[in-house]
Amino acid sequence: ALVLDKSIQMLSVQPDTKPKGCAGCNRKIKDRYLLKALDKYWHEDCLKCACCDCRLGEVGSTLYTKANLILCRRDYLRLFGVTGNCAACSKLIPAFEMVMRAKDNVYHLDCFACQLCNQRFCVGDKFFLKNNMILCQTDYEEGLMKEGYAPQVR
């Protein structure tokens, strides 16, 4: 099945134009604003997620369609997204959850830390992937010293 990630546009209704029909309820749109999505026009109340009923114009500028459903991002990922296991704790990561990646490994945000000293990484921190373990710079360099390698200083 084709997956569509489509934009939602909010448009002002021009008073001198003929009212457009809503793709959701088939009534004329006489409101001040209308939404344009999937090459159709919608009342703001009529363009909703088929699962959680949230108004898609309010939760972002994108909607997702699959299997004749119009969905918000969270429900699309919950229903059709790929789940996986965290490389650090081995527990399931739901498809809609934010993750960190290092090569082919995927981690919960809370699990993305040095696997020796448990130091959490901040934006801009260096980390190293060695033998499928995430290491901070200190633990990585100490491991190299134990193996008889001196880290290159640049």
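**Group meeting: charges, patches and backbone in a predicted model**

I will start with K20, which sits in the loop between strand 2 (9–12) and strand 3 (33–37); helices (H or I, at least four residues) and strands (E, at least two) are DSSP runs, numbered from the N terminus. Please keep in mind that this is a predicted model, in which local features need pLDDT of at least 70 and side-chain atom pairs count only at pLDDT 80 or more, while totals for chains, interfaces and linings use all residues. Residues are numbered from 1 along each chain as its sequence is written, and side-chain values use heavy atoms, with hydrogens and water left out.

K20 counts as partly exposed because its relative accessibility is 34%, where buried means under 20% relative accessible area, exposed over 50%, and partly exposed in between (1.4 Å probe, protein chains only). Together with K18, K28 and K30, K20 forms a positive surface patch. Patches are made of residues with over 30% relative accessible area and no salt bridge, with like charges joined within 9 Å and nonpolar side chains (Val, Leu, Ile, Met, Phe, Trp, Tyr) within 5 Å. The place of a charge is taken as NZ of Lys, CZ of Arg, CG of Asp or CD of Glu.

There is also a nonpolar surface patch, made of M98, M100 and L109, which together have about 280 Å² of accessible area, computed by the Shrake-Rupley method with a 1.4 Å probe. L109 belongs to the loop between strand 10 (105–108) and strand 11 (127–130), and its relative accessibility of 38% is why L109 counts as partly exposed.

Let me turn to the salt bridges, of which the structure holds five; the term means a side-chain nitrogen of Lys or Arg within 4 Å of a carboxyl oxygen of Asp or Glu. Which residues are linked in a network of salt bridges? They are E44, D45, R55 and E58. For E44 and R55, the closest N and O atoms are 3.8 Å apart; both residues lie in the loop between strand 4 and helix 1 (56–59), so this pair ties together parts that are 11 residues apart in sequence. D45 pairs with R55 as well, at 2.4 Å between the closest N and O atoms, and these two, again in the loop between strand 4 and helix 1, tie together parts that are 10 residues apart in sequence. The salt bridge from E58 to R55 has its closest N and O atoms 3.0 Å apart. As for accessibility, R55 is partly exposed at 26%, D45 is partly exposed at 47%, and E58 is exposed at 56%.

Two backbone positions deserve a look. Most residues other than glycine have a negative phi. L38, although not a glycine, has a positive phi of about 55°, and L38 lies in the loop between strand 3 and strand 4 (40–42). N118, also not a glycine, has a positive phi of about 65°; N118 is in the loop between strand 10 and strand 11 and counts as exposed at 59% relative accessibility.

Finally, the UniProt annotation "domain: LIM zinc-binding", from an unreviewed entry, covers residues 20–82 and 84–146, and such annotations may be inferred rather than shown by experiment. Residues 20–82 are 19% helix and 25% strand, with end C-alpha atoms 38 Å apart, whereas residues 84–146 are 16% helix and 32% strand, with end C-alpha atoms 34 Å apart.

Note on methods
Lys and Arg count as positive and Asp and Glu as negative; His and the chain ends are not counted.
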